[in-house]
Amino acid sequence: MRAYLPDYELRAPRSLTDALALLAREPGGWRAFAGGTDLMVLLEAGLLTHRKFLSIWHLPELKGIEVANDHVTLGALTTYTEVQRDETMRREFPLLGAAARETGGIAIQNRGTLGGNIVNASPAADSPPALLVYDAELELVSTRGTRLLPYREFHTGYKQMNMQSDELLTRIRLPRTTGDLKTYYRKVGTRKAQAISKVCFAAGARMNDGRIADVRLALGSVAPTVVRCTQTEELLRNQTIDEATTKAAREMLMTEITPIDDMRSTADYRLNVAANLLADFLRQLKHT
Amino acid sequence: MSNQTDTQTKIVGKPVPRKEGRAKVTGAARYIDDLRMDGMLYGATVRSAVPRGRIREIKFGAGLPWDEFVVVTAADIPGENCVALILLDQPYLVAKFINHAEEPILLLAHADKHLLEKARRAVTFDVEPLSPIFTLEESLAKKEIIWGEDNIFKSYQVNKGNVDEVWAQADFIIEGEYRTGAQEQLYIEPNGVIAVANADAGVTVWGSMQCPYYVHKALLKLFALPEEKIRVIQTETGGGFGGKEEYPSMIAGHAALLSWKAGGRPVKIIYDRAEDMVATTKRHPSRTRHRTAVNKDGKLLGMEIEFVIDGGAYATLSSVVLSRGTIHAAGPYNCPNVRINAHAVATNVPPHGAFRGFGAPQSIFALERHLDKVAQVVGLSPAEFRRRNFIHEGETTATGQVIREPVDMEGLLARAFELTDYQAKRERFARANEGRSLKRGIGFASFMHGAGFTGSGEVYLQSIVGAEAGADGRVRLLAASTEIGQGTNTIFAQIAADALQIDFDLIEVAQPDTSNVPNSGPTVASRTTMIVGKLVESAALGLKQTLQNSGLLKANYTTDDWRAACRRHVEQFGLLKSFSQYKPPPGINWDEGKYQGDAYGAYAWAVYVAEVTVDMLTYEARVEDFVALQEVGKVVHPVLAAGQIEGGVAQAIGFTLYENVVWSEGRMLNNQMTNYIIPTSADIPPIRVYFEEQPYAYGPAGAKGIGELPMDGGAPAILNAIEHATGVAFNHVPLLPEALMQALNQTA
């Protein structure tokens, strides 16, 4: 342990109301601590620079999966294991289950939360590309009120979020309009399991009469944030899938993402693999 | 009939329970970080942030109670400031000149380990920077002279025949260059020790280590104390793989220096994973160049090999790593003319050190990749080319060693091919791969690995093992050879039980403690079973002989007779003891000057076959099947032996496809398990292990060494398979998807 523990403070408010009150009292002073799967690693390495944390792990208001007629609502504390076990999630949102299965090991899946995966804001996170494909919405709450924000507008730059320092992410809403999407998920990590992604590719599409009626492409580890590739989607919409379309889409995708060289991989590799996975997705789409 | 009975009671060859297995499984085993002593302080090491420079000033940051800390610098060292190993070039603490990033400069101790960590960060150094060099090319080119007169720790030249004369008569001359990267041992338990040191009582160190007497030797010089004032005790050790061969001398010295300064209060130093990875030794990176002459019949005429390893900033074990790499560089082939030029060079990175295989995986990788290329040029299959050149009994290795055992590489190759359906797959994959996004390939490597110290090393070590029998008939084996997870204690007990024909449970192995076990040498070099095991056997036989000579034990006896004889002996003469010292087998000759002769007493021989797929979407190569077939003399414990092979192959797969040390300014950047990628069980194929046994006359029950062997063959077999799958020749490891992509896109 490279952290000096007396330097840190952790509070566990009794209720969501207490938590929000504390956040409002000292804006920026406190940060939420959920499953801790990212924060504990930083703490152990002595790299956790923020010192005051608010444990929200036990707050019942942030738990559970609720299924309504037109959407499913996931509490921010929903774990990867819960995502994998829920029947509706498995049936209607398989990309999220696929992402959850490939996140860390079993211990991490039991402890890591979707909300944490979102607000940790890593561009290499596994579940955000799936959430982007499903047009997820986020519920952000503060003592000032509640707002609903399309997830697509949440990440504004590397580790930058459309979120105020007195706000808590409480819920994730998924519209139940995507159950019939043909989906594709591939995480290319540094190894088969227990890996951080080098490229994460989630996609969904509907075909109509041999043409692409709806297509959603979302990628991780290829830009400062996870991204929806709307220009490539635009290019593909209403097209038939053939070699020319695939080639044009590959090229568009490679201009739309902005990967970098880092410790895990190279920009060149990420560009090529992202384009290959897109081509693979289109090939599979054509043959279904 | 009596033979039948003998076989039934034999313990060698049986999968008996591990001696320390129960304690490990139940959590009763005490590792160094489980131990605590009264008044104990925690120690920490303050290291250099720069790769090379001169220290101007040490600064202690504000806000910490510095008077509460024990602070040690080079000025506090009572003896000599060097880690005594082969040369005396490496300091315990930098006095003035920094030669690598993470080099230890100052030590701190405090009772509060968290405050200690805060203090560690508050010490900074004002350093005048000097130009560093980081690659073996820069070192060979003498871009800066950072060690000795020419950056060269050690050079060897091996000469057999006259290679200069073969080029003119050769039908083919094939050249190639091959590289391997650094690799972290990644034992489960990081380095750690506890030391108690003061002028009256001397120095006692407990710790996780492979070689207690190496630590003992190093502490003698550090403290300038007489031998009996230094005591080193090995605690339960969670893996080593060579990573705890030389490094424990460093951390033990540091803890002892702190304790000495603290007036004898115990000091514990435990590295966390990040420190262990960034600061301690790794496998030597290497570059090998081959120039090979072959005639039109596919016979090797000559091999010229240049083998260079990057030793890092200090000499440590580089000369011996170089030696083993050099001797294995020409492989199990009969080639009349060989010249090997080998160099270990200095760079400003933390010293590279011992790691399973010890230089051989590097040079064998080069050779076994190169021979696939040679075969292709000559127009033969990789298998046929090797068949025409395998070494046989009566022929000589590169060092001129006459092979005196019946070696059957052709037989191993045939069996390995049968086990993998190699021939059929070789043809089928080649036909089916066209246009597929998952390309399959199969490849192999044939190789040998020498057991024991190189050349006259074992003679020089003069290892000793003791055995003592108590009144209850229990036999205690005394050796400095360490159980580090590989099964030393179990194997020693098996050998002794068979030698004495008594129950396995009657044998125990003493905890290695330099105050009461003799020096049986270091636990390295695949020597523990073959060399030390043989000494265990003869020390045990010595007990029996004494009892029989004194008439207390008849020729045929039961375990009860044995107990009775021991009791009578102890009553009449006291404790029964027997010691055995190493003597080289007859006819072993080694010329250190010419680097010629019998390099090793025995070799294990092997053929490994790897099957791979390469995903053309992601450029990931994956090992799908692996067969490891080896001739090992005698399998002492089938489960432990298979475990050694499986673990070694898994480590070799990591070395080949995953484990990439990312360097920045001579410092490992990815010193965490999230980003230093070792394969998980999901990345490892079924590893199918097969043994053949051709008993070696001078090994216990015929056994030869196998610890390092499985590290040797994986890398070339896998890259040979990848070439088969993709048609692209890759000549470096680790081979990551990024490099596969570059090459495959270029050929596409």
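**Charges, shape and domains**

Guide: This is a predicted model. In chain B, the mean positions of the 73 positive and 86 negative charges lie 1 Å apart.

Visitor: OK, what about secondary structure: how many helices and strands does chain B have?
Guide: Chain B has 19 helices and 28 strands. Its radius of gyration is 26 Å, close to the 27 Å that the globule rule gives for 748 residues, so chain B is as compact as a globular protein of that length.

Visitor: What box do the C-alpha atoms of chain B fill?
Guide: Along the principal axes, roughly 80 × 75 × 50 Å.

Visitor: And how much of chain B is buried?
Guide: 63% of the 748 residues in chain B count as buried. As for the accessible surface of chain B, that comes to about 26,500 Å², and 50% of it belongs to carbon and sulfur atoms.

Visitor: Switching topic: which domains is chain B divided into?
Guide: Domain 1 takes 2-29 + 463-581, domain 2 takes 132-385, and domain 3 takes 390-450 + 600-748.

Visitor: What separates the centres of domain 2 and domain 3 of chain B?
Guide: 20 Å, taken over C-alpha atoms. The contact takes 49 residues from domain 2 of chain B and 56 residues from domain 3 of chain B.

Visitor: Last one, on contacts within chain B: of those between residues at least 6 apart in sequence, what share joins residues at least 24 apart?
Guide: For chain B that share is 81%.

Terms used. Residues numbered from 1 in each chain as written. Chains lettered and ligands numbered in written order. Predicted model: local features only at pLDDT ≥ 70, side-chain atom pairs only at ≥ 80, totals over all residues. Heavy atoms only, no water. Helix = DSSP H or I, 4+ residues; strand = E, 2+ residues; numbered from the N terminus. Rg over C-alpha atoms; globule rule 2.2 N^0.38 Å. Buried < 20%, exposed > 50% of the residue type's maximum accessible area, 1.4 Å probe, protein only. Contact = heavy atoms within 4.5 Å. Areas by Shrake-Rupley, 256 points an atom, 1.4 Å probe, with all protein chains shown as cover. Lys, Arg positive; Asp, Glu negative; His and termini not counted. Charge placed at Lys NZ, Arg CZ, Asp CG, Glu CD. Domains from an automatic or database assignment.
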